[in-house]
Amino acid sequence: MLLEYVAIAVLIVITVLVAVIAIILGTIFGPKRQSGKKMMPYESGMNPIGSGTRRMPVRFYLIAVLFILFD
């Protein structure tokens, strides 16, 4: 009875191994030197002014949900 699930278990183990190997390779070969210029947010080559987020009115979200509903 449990032999039918062996293929699924093997597939899950393989996917977990591939994910772990990808993360390990990324940490080994990824860039490690941080600098001030690398840590700055990029905004069309200009220094950023103000915060990166704006407050959106609730009406915007209502219209978006209605659009998705009736589209």
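These are my notebook entries on a predicted model of one protein chain.

**Ground rules**

I number residues from 1 along each chain as its sequence is written, and my side-chain values use heavy atoms, with hydrogens and water left out.

**Confidence**

I looked up pLDDT (the predictor's confidence in each residue, from 0 to 100). The chain has a mean of 86, and 92% of its residues reach 70 or more.

**Fold and overall shape**

I counted 3 helices and 0 strands, in the order α-α-α along the sequence. Here helices (H or I, at least four residues) and strands (E, at least two) are DSSP runs, numbered from the N terminus.

Next I checked the radius of gyration (taken over C-alpha atoms; the globule rule is 2.2 Å times the number of residues to the power 0.38). The chain comes out at 23 Å, whereas a compact globule of 71 residues would be near 11 Å. Its C-alpha atoms fill a box of roughly 60 × 50 × 15 Å along the principal axes.

**Surface**

I took accessible areas from the Shrake-Rupley method with a 1.4 Å probe; for residues, only the protein chains shown count as cover. The chain exposes about 7,500 Å², and carbon and sulfur atoms supply 73% of that. Of the 71 residues, 1% count as buried (buried is under 20% relative accessible area, exposed over 50%, partly exposed in between).

**Val-6 and helix α1**

I found Val-6 in helix α1, which covers residues 6–29. Val-6 has 40% relative accessibility, so I noted it as partly exposed. From Val-6 to Val-20 I get 21 Å, C-alpha to C-alpha, for 14 residues of sequence.

Helix α3 (residues 58–70) has 13 residues and reaches 19 Å from its first C-alpha to its last, close to the expected 18 Å (1.5 Å times one less than the number of residues). I call α3 hardly covered, with 0 buried residues.

How many aromatic pairs does the structure hold? I found 1. Phe-60 and Tyr-61 have ring centres 5.4 Å apart and planes at 75°, so I logged the pair as edge-to-face. Rings of Phe, Tyr and Trp (its six-membered ring) pair if their centres lie within 6.5 Å; planes under 30 degrees apart are stacked, over 60 edge-to-face and the rest tilted. Phe-60 is partly exposed because its relative accessibility is 43%, and Tyr-61 is partly exposed at 48%.

How values were computed. This is a predicted model: local features need pLDDT of at least 70, side-chain atom pairs count only at pLDDT 80 or more; totals for chains, interfaces and linings use all residues. Buried means under 20% relative accessible area, exposed over 50%, partly exposed in between (1.4 Å probe, protein chains only).
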